[in-house]
Amino acid sequence: MSIKIKFLGKEFKNPIVPASGTFGFGYEFNDLYDINILGSISIKGTTIEPRYGNPLPRIAECPAGLINAIGLQNPGVDKVVDDELVKLAEVYDDQIIANVGGHSVDDYVNTVKKFNDCDKVFAIELNISCPNVSGGGMAFGVDPDTAYTLVSEVKKICKKPLIVKLSPNVTDIVAMAKAVEKAGADAISLINTMVGMRINLKTGKPIISIKKGGYSGPGIYPVALRMVYEVSKAVSVPVIGMGGVTNAYEVLEMMYAGASLVMIGAQNLVDPYACKKIIEDLPRVMAEYNIKNLQDIIGKAE
(Lines give C-alpha, C1' and ligand atoms only; values in the text may rest on other atoms or scores of the structure.)
Protein backbone atom coordinates (compact mmCIF):
# COMPACT_ATOMS: atom_id res chain seq x y z
CA MET A 1 0.00 0.00 0.00
CA SER A 2 1.35 3.41 -0.97
CA ILE A 3 0.25 6.91 -0.01
CA LYS A 4 3.05 8.57 -1.99
CA ILE A 5 2.14 11.03 -4.74
CA LYS A 6 4.11 12.41 -7.68
CA PHE A 7 3.29 16.06 -8.35
CA LEU A 8 5.08 18.43 -10.72
CA GLY A 9 8.10 16.14 -10.87
CA LYS A 10 8.47 15.81 -7.11
CA GLU A 11 7.59 12.80 -4.96
CA PHE A 12 5.47 13.66 -1.92
CA LYS A 13 5.32 11.37 1.13
CA ASN A 14 1.55 11.73 1.02
CA PRO A 15 -1.02 14.12 -0.50
CA ILE A 16 -1.75 16.07 2.70
CA VAL A 17 -0.69 19.73 2.72
CA PRO A 18 -1.85 22.31 5.30
CA ALA A 19 -3.49 25.17 3.42
CA SER A 20 -2.06 28.67 3.45
CA GLY A 21 -3.32 30.87 6.26
CA THR A 22 -4.29 27.97 8.53
CA PHE A 23 -0.86 26.67 9.54
CA GLY A 24 1.23 29.81 10.08
CA PHE A 25 4.77 29.28 8.85
CA GLY A 26 4.67 25.66 9.92
CA TYR A 27 7.24 25.54 12.68
CA GLU A 28 4.65 26.60 15.26
CA PHE A 29 2.93 23.22 14.88
CA ASN A 30 6.15 21.28 15.48
CA ASP A 31 5.56 21.75 19.21
CA LEU A 32 2.50 19.49 18.81
CA TYR A 33 3.83 16.78 16.48
CA ASP A 34 6.65 16.03 14.04
CA ILE A 35 5.59 18.05 10.99
CA ASN A 36 7.94 16.02 8.79
CA ILE A 37 5.06 13.59 8.30
CA LEU A 38 3.32 16.21 6.09
CA GLY A 39 3.36 15.98 2.30
CA SER A 40 4.35 19.65 2.22
CA ILE A 41 3.25 22.96 3.75
CA SER A 42 1.68 25.98 2.05
CA ILE A 43 2.90 28.82 4.23
CA LYS A 44 0.99 31.91 5.28
CA GLY A 45 0.19 34.29 2.43
CA THR A 46 3.13 36.63 1.83
CA THR A 47 3.20 40.11 0.31
CA ILE A 48 6.02 42.41 -0.77
CA GLU A 49 5.60 44.70 2.28
CA PRO A 50 4.55 43.84 5.85
CA ARG A 51 0.79 43.90 6.37
CA TYR A 52 -1.12 44.28 9.61
CA GLY A 53 -4.29 43.07 7.96
CA ASN A 54 -7.83 44.26 8.51
CA PRO A 55 -9.04 45.94 11.70
CA LEU A 56 -10.69 43.85 14.43
CA PRO A 57 -13.06 42.07 14.65
CA ARG A 58 -12.13 39.85 11.71
CA ILE A 59 -13.41 36.41 12.72
CA ALA A 60 -17.03 35.26 12.94
CA GLU A 61 -18.14 31.73 13.77
CA CYS A 62 -20.73 29.87 11.69
CA PRO A 63 -22.66 26.62 12.22
CA ALA A 64 -20.52 24.76 9.64
CA GLY A 65 -17.29 26.75 9.59
CA LEU A 66 -16.10 30.31 10.11
CA ILE A 67 -15.72 33.62 8.35
CA ASN A 68 -12.35 35.34 8.36
CA ALA A 69 -11.23 38.73 7.13
CA ILE A 70 -7.63 38.58 8.33
CA GLY A 71 -6.46 40.50 5.27
CA LEU A 72 -3.16 38.70 4.55
CA GLN A 73 -1.44 39.77 7.77
CA ASN A 74 2.25 38.90 7.36
CA PRO A 75 5.72 40.34 8.07
CA GLY A 76 6.62 40.88 4.40
CA VAL A 77 8.61 38.69 2.04
CA ASP A 78 12.10 39.72 3.21
CA LYS A 79 11.38 38.69 6.79
CA VAL A 80 9.64 35.50 5.62
CA VAL A 81 12.71 34.45 3.61
CA ASP A 82 15.33 35.59 6.13
CA ASP A 83 13.59 34.60 9.38
CA GLU A 84 10.44 32.51 9.08
CA LEU A 85 11.75 29.97 6.55
CA VAL A 86 15.03 29.69 8.48
CA LYS A 87 13.06 28.74 11.59
CA LEU A 88 11.02 26.28 9.57
CA ALA A 89 14.14 24.67 8.10
CA GLU A 90 15.32 23.85 11.63
CA VAL A 91 12.36 21.49 12.15
CA TYR A 92 11.12 20.59 8.65
CA ASP A 93 13.39 18.81 6.18
CA ASP A 94 11.37 19.03 2.97
CA GLN A 95 10.56 21.92 0.64
CA ILE A 96 7.42 24.03 0.97
CA ILE A 97 4.93 25.95 -1.15
CA ALA A 98 5.15 29.75 -0.85
CA ASN A 99 1.78 31.49 -1.10
CA VAL A 100 1.99 34.97 -2.66
CA GLY A 101 -0.58 37.78 -2.55
CA GLY A 102 -0.61 41.38 -3.71
CA HIS A 103 -2.47 44.52 -4.77
CA SER A 104 -0.93 44.89 -8.22
CA VAL A 105 0.92 42.94 -10.89
CA ASP A 106 4.18 44.53 -9.72
CA ASP A 107 3.48 43.42 -6.15
CA TYR A 108 3.08 39.81 -7.23
CA VAL A 109 6.09 39.88 -9.57
CA ASN A 110 8.44 41.43 -7.01
CA THR A 111 7.37 39.06 -4.25
CA VAL A 112 7.86 36.01 -6.46
CA LYS A 113 11.33 37.26 -7.42
CA LYS A 114 12.30 37.19 -3.73
CA PHE A 115 11.34 33.50 -3.51
CA ASN A 116 13.07 32.52 -6.76
CA ASP A 117 16.46 31.83 -5.17
CA CYS A 118 15.09 30.31 -1.97
CA ASP A 119 15.98 26.58 -1.93
CA LYS A 120 13.38 25.86 0.73
CA VAL A 121 10.61 26.79 -1.72
CA PHE A 122 9.51 24.09 -4.16
CA ALA A 123 6.66 25.98 -5.81
CA ILE A 124 4.81 29.30 -5.77
CA GLU A 125 1.08 29.35 -5.07
CA LEU A 126 -0.28 32.56 -6.56
CA ASN A 127 -3.26 33.69 -4.53
CA ILE A 128 -5.51 35.56 -6.95
CA SER A 129 -8.58 34.70 -4.91
CA CYS A 130 -8.49 36.29 -1.47
CA PRO A 131 -11.96 37.79 -0.84
CA ASN A 132 -11.01 40.12 2.01
CA VAL A 133 -8.18 42.28 0.65
CA SER A 134 -9.38 45.53 -0.88
CA GLY A 135 -7.78 46.55 -4.17
CA GLY A 136 -6.14 43.20 -4.81
CA GLY A 137 -6.52 39.49 -4.25
CA MET A 138 -9.90 38.55 -5.65
CA ALA A 139 -9.85 41.54 -8.01
CA PHE A 140 -7.54 39.38 -10.13
CA GLY A 141 -9.51 36.19 -9.57
CA VAL A 142 -12.96 36.92 -10.96
CA ASP A 143 -12.16 37.91 -14.54
CA PRO A 144 -10.38 35.49 -16.92
CA ASP A 145 -8.64 38.24 -18.89
CA THR A 146 -7.29 39.95 -15.78
CA ALA A 147 -6.15 36.63 -14.34
CA TYR A 148 -4.46 35.75 -17.64
CA THR A 149 -2.52 39.01 -17.62
CA LEU A 150 -1.32 38.58 -14.03
CA VAL A 151 -0.29 34.95 -14.40
CA SER A 152 1.47 35.67 -17.71
CA GLU A 153 3.58 38.41 -16.14
CA VAL A 154 4.49 36.29 -13.11
CA LYS A 155 5.31 33.28 -15.30
CA LYS A 156 7.89 35.35 -17.20
CA ILE A 157 10.06 35.74 -14.08
CA CYS A 158 9.09 32.74 -11.92
CA LYS A 159 11.83 30.09 -11.60
CA LYS A 160 9.66 27.68 -9.61
CA PRO A 161 6.60 25.64 -10.59
CA LEU A 162 3.67 28.06 -10.56
CA ILE A 163 0.39 27.06 -8.89
CA VAL A 164 -2.57 29.42 -9.26
CA LYS A 165 -5.20 29.44 -6.51
CA LEU A 166 -8.73 30.07 -7.78
CA SER A 167 -11.75 31.70 -6.20
CA PRO A 168 -15.14 29.98 -6.10
CA ASN A 169 -16.81 33.40 -6.24
CA VAL A 170 -17.15 33.37 -10.02
CA THR A 171 -19.81 32.51 -12.57
CA ASP A 172 -17.63 30.03 -14.47
CA ILE A 173 -14.76 28.33 -12.59
CA VAL A 174 -13.75 26.38 -15.70
CA ALA A 175 -13.24 29.57 -17.70
CA MET A 176 -10.94 30.87 -14.96
CA ALA A 177 -9.01 27.61 -14.88
CA LYS A 178 -8.52 27.57 -18.64
CA ALA A 179 -7.36 31.19 -18.60
CA VAL A 180 -4.62 30.62 -16.02
CA GLU A 181 -3.57 27.37 -17.69
CA LYS A 182 -3.20 29.23 -21.00
CA ALA A 183 -1.17 31.90 -19.19
CA GLY A 184 1.34 29.29 -18.04
CA ALA A 185 0.14 27.91 -14.71
CA ASP A 186 1.85 24.59 -13.96
CA ALA A 187 -0.94 23.57 -11.58
CA ILE A 188 -4.21 24.91 -10.19
CA SER A 189 -5.37 24.90 -6.57
CA LEU A 190 -9.00 25.39 -5.54
CA ILE A 191 -11.09 26.48 -3.87
CA ASN A 192 -10.34 29.51 -1.78
CA THR A 193 -13.02 30.75 0.62
CA MET A 194 -16.50 31.81 -0.41
CA VAL A 195 -17.86 35.23 0.55
CA GLY A 196 -20.07 35.36 3.63
CA MET A 197 -21.16 37.51 6.54
CA ARG A 198 -22.81 37.38 9.99
CA ILE A 199 -24.92 39.97 11.81
CA ASN A 200 -24.60 40.79 15.51
CA LEU A 201 -28.23 40.77 16.71
CA LYS A 202 -27.41 43.02 19.69
CA THR A 203 -26.15 45.81 17.45
CA GLY A 204 -27.90 44.92 14.20
CA LYS A 205 -24.60 45.40 12.37
CA PRO A 206 -22.15 43.03 10.67
CA ILE A 207 -19.77 41.24 13.05
CA ILE A 208 -16.77 41.56 10.72
CA SER A 209 -15.24 45.05 10.68
CA ILE A 210 -15.19 45.15 6.86
CA LYS A 211 -18.67 43.57 6.79
CA LYS A 212 -17.85 40.51 4.64
CA GLY A 213 -15.17 37.85 4.76
CA GLY A 214 -14.07 34.46 3.53
CA TYR A 215 -16.32 31.55 4.57
CA SER A 216 -14.49 28.26 5.06
CA GLY A 217 -15.08 24.95 6.79
CA PRO A 218 -17.22 21.83 6.23
CA GLY A 219 -20.11 23.85 4.80
CA ILE A 220 -18.23 24.57 1.55
CA TYR A 221 -16.97 21.00 0.97
CA PRO A 222 -19.60 19.87 -1.59
CA VAL A 223 -19.06 23.05 -3.61
CA ALA A 224 -15.29 22.57 -3.51
CA LEU A 225 -15.58 18.94 -4.58
CA ARG A 226 -17.78 19.86 -7.54
CA MET A 227 -15.40 22.59 -8.69
CA VAL A 228 -12.33 20.35 -8.39
CA TYR A 229 -14.16 17.76 -10.49
CA GLU A 230 -15.13 20.27 -13.18
CA VAL A 231 -11.71 21.91 -13.38
CA SER A 232 -9.72 18.67 -13.40
CA LYS A 233 -11.73 17.50 -16.42
CA ALA A 234 -11.19 20.78 -18.27
CA VAL A 235 -7.44 21.32 -17.89
CA SER A 236 -4.34 19.24 -18.55
CA VAL A 237 -2.30 20.54 -15.59
CA PRO A 238 -2.57 18.87 -12.15
CA VAL A 239 -5.06 20.13 -9.58
CA ILE A 240 -4.80 20.62 -5.82
CA GLY A 241 -8.14 20.26 -4.02
CA MET A 242 -9.21 22.02 -0.85
CA GLY A 243 -12.28 23.44 0.83
CA GLY A 244 -13.90 22.01 3.94
CA VAL A 245 -11.92 18.75 4.03
CA THR A 246 -11.99 17.25 7.53
CA ASN A 247 -11.09 13.54 7.25
CA ALA A 248 -9.44 10.80 5.20
CA TYR A 249 -12.70 9.79 3.49
CA GLU A 250 -13.07 13.29 2.05
CA VAL A 251 -9.42 13.23 0.93
CA LEU A 252 -10.21 10.15 -1.16
CA GLU A 253 -13.29 11.89 -2.60
CA MET A 254 -11.17 14.89 -3.59
CA MET A 255 -8.65 12.61 -5.28
CA TYR A 256 -11.32 10.67 -7.14
CA ALA A 257 -12.62 14.06 -8.31
CA GLY A 258 -9.20 14.87 -9.75
CA ALA A 259 -7.01 16.30 -6.98
CA SER A 260 -3.37 15.18 -6.89
CA LEU A 261 -2.77 16.86 -3.52
CA VAL A 262 -5.34 17.82 -0.88
CA MET A 263 -4.96 20.87 1.32
CA ILE A 264 -6.45 20.96 4.81
CA GLY A 265 -7.55 24.43 5.88
CA ALA A 266 -10.10 25.45 8.51
CA GLN A 267 -9.94 22.04 10.20
CA ASN A 268 -6.45 22.95 11.47
CA LEU A 269 -8.06 25.77 13.45
CA VAL A 270 -10.60 23.39 14.99
CA ASP A 271 -8.12 20.58 15.64
CA PRO A 272 -4.37 21.38 15.36
CA TYR A 273 -3.71 17.64 14.98
CA ALA A 274 -6.04 17.38 11.95
CA CYS A 275 -3.36 16.76 9.31
CA LYS A 276 -1.58 14.20 11.49
CA LYS A 277 -4.81 12.30 12.11
CA ILE A 278 -5.76 12.29 8.43
CA ILE A 279 -2.33 11.01 7.33
CA GLU A 280 -2.40 8.26 9.93
CA ASP A 281 -5.94 7.26 8.96
CA LEU A 282 -5.37 7.13 5.20
CA PRO A 283 -4.06 3.52 5.08
CA ARG A 284 -7.07 2.27 7.07
CA VAL A 285 -9.56 4.04 4.82
CA MET A 286 -7.71 2.89 1.70
CA ALA A 287 -7.90 -0.71 2.91
CA GLU A 288 -11.62 -0.27 3.57
CA TYR A 289 -12.11 0.51 -0.13
CA ASN A 290 -9.42 -1.87 -1.41
CA ILE A 291 -7.18 0.94 -2.66
CA LYS A 292 -3.54 -0.11 -3.02
CA ASN A 293 -1.99 3.06 -4.42
CA LEU A 294 -3.34 6.60 -3.95
CA GLN A 295 -1.80 7.77 -7.21
CA ASP A 296 -4.06 5.37 -9.10
CA ILE A 297 -7.34 6.93 -7.99
CA ILE A 298 -6.67 10.50 -9.11
CA GLY A 299 -9.49 11.61 -11.42
CA LYS A 300 -11.17 8.18 -11.50
CA ALA A 301 -14.61 9.63 -10.77
CA GLU A 302 -14.88 10.52 -14.45
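**View 1. Cys118 and the cysteines of the predicted model.** Cys118 is buried, with a relative accessible area of 10%. The model shown here and in the other views is predicted. A disulfide is a covalent bond between the sulfur atoms of two cysteines. For Cys118, the closest cysteine sulfur is that of Cys158, and the 12 Å between the two is too far for a bond. The structure as a whole holds zero disulfides. Another cysteine, Cys275, counts as buried because its relative accessibility is 0%.

**View 2. Helix α1 and its kink.** Helix α1 covers residues 77–89 and has a kink of about 25°, centred on Asp83. Buried residues of α1 are Val77, Val80, Val81, Glu84, Leu85 and Leu88. An α-helix has 3.6 residues a turn, so residues three or four places apart point the same way. Among the elements that cover the buried residues of α1 are β6 (96–100), α2 (105–116) and β7 (121–127).

View 3. Helix α6 runs through residues 248–257 and is largely enclosed by the rest of the structure, because seven of its ten residues are buried. These buried residues are Ala248, Glu250, Val251, Leu252, Met254, Met255 and Ala257. The cover over them includes the strands β1 (5–7), β3 (16–18), β14 (239–242) and β15 (259–264). Helices α5 (221–234) and α8 (274–288) are also included in this cover.

**View 4. The salt bridge of Lys159 and Asp117.** Side chains of opposite charge can pair when their charged atoms come close. The count for this structure comes to 14 salt bridges. In one of them, the side chains of Lys159 and Asp117 meet at 3.5 Å, N to O. This pair links distant parts of the chain, 42 residues apart. Lys159 belongs to the loop between α3 (144–157) and β8 (162–165), and Asp117 to the loop between α2 and β7. Lys159 is exposed, with a relative accessible area of 60%, and Asp117 counts as exposed at 60% relative accessibility.

**View 5. The salt bridge of Asp186 and Lys155.** The closest N and O atoms of Asp186 and Lys155 are 2.8 Å apart, and the two residues form a salt bridge. Asp186 is in the loop between α4 (173–182) and β9 (187–190) while Lys155 is in helix α3, so the pair ties together parts that are 31 residues apart in sequence. Asp186 counts as partly exposed at 24% relative accessibility, and Lys155 counts as partly exposed at 29%.

View 6. Asp281 and Arg284 form a salt bridge in which the closest N and O atoms are 2.6 Å apart. Both residues lie in helix α8, three residues apart, which is about one turn of the helix. Asp281 is partly exposed, with a relative accessible area of 24%, and Arg284 counts as partly exposed at 43% relative accessibility.

**View 7. A nonpolar patch on the surface.** Met197, Ile199 and Leu201 form this patch, and together they have about 340 Å² of accessible area. Leu201 is in the loop between β11 (199–200) and β12 (205–206). With a relative accessibility of 81%, Leu201 counts as exposed, because the cut-off for that class is over 50%.

Technical notes
Residues are numbered from 1 along each chain as its sequence is written. This is a predicted model: local features need pLDDT of at least 70, side-chain atom pairs count only at pLDDT 80 or more; totals for chains, interfaces and linings use all residues. Side-chain values use heavy atoms; hydrogens and water are left out. Patches are made of residues with over 30% relative accessible area and no salt bridge: like charges are joined within 9 Å, nonpolar side chains (Val, Leu, Ile, Met, Phe, Trp, Tyr) within 5 Å. Accessible areas come from the Shrake-Rupley method with a 1.4 Å probe; for residues, only the protein chains shown count as cover. A salt bridge is a side-chain nitrogen of Lys or Arg within 4 Å of a carboxyl oxygen of Asp or Glu. Helices (H or I, at least four residues) and strands (E, at least two) are DSSP runs, numbered from the N terminus. Buried means under 20% relative accessible area, exposed over 50%, partly exposed in between (1.4 Å probe, protein chains only). The bend at a residue is the angle between axes fitted to the seven residues ending there and the seven starting there. Contact means heavy atoms within 4.5 Å. A disulfide is a pair of cysteine sulfur atoms within 2.5 Å.
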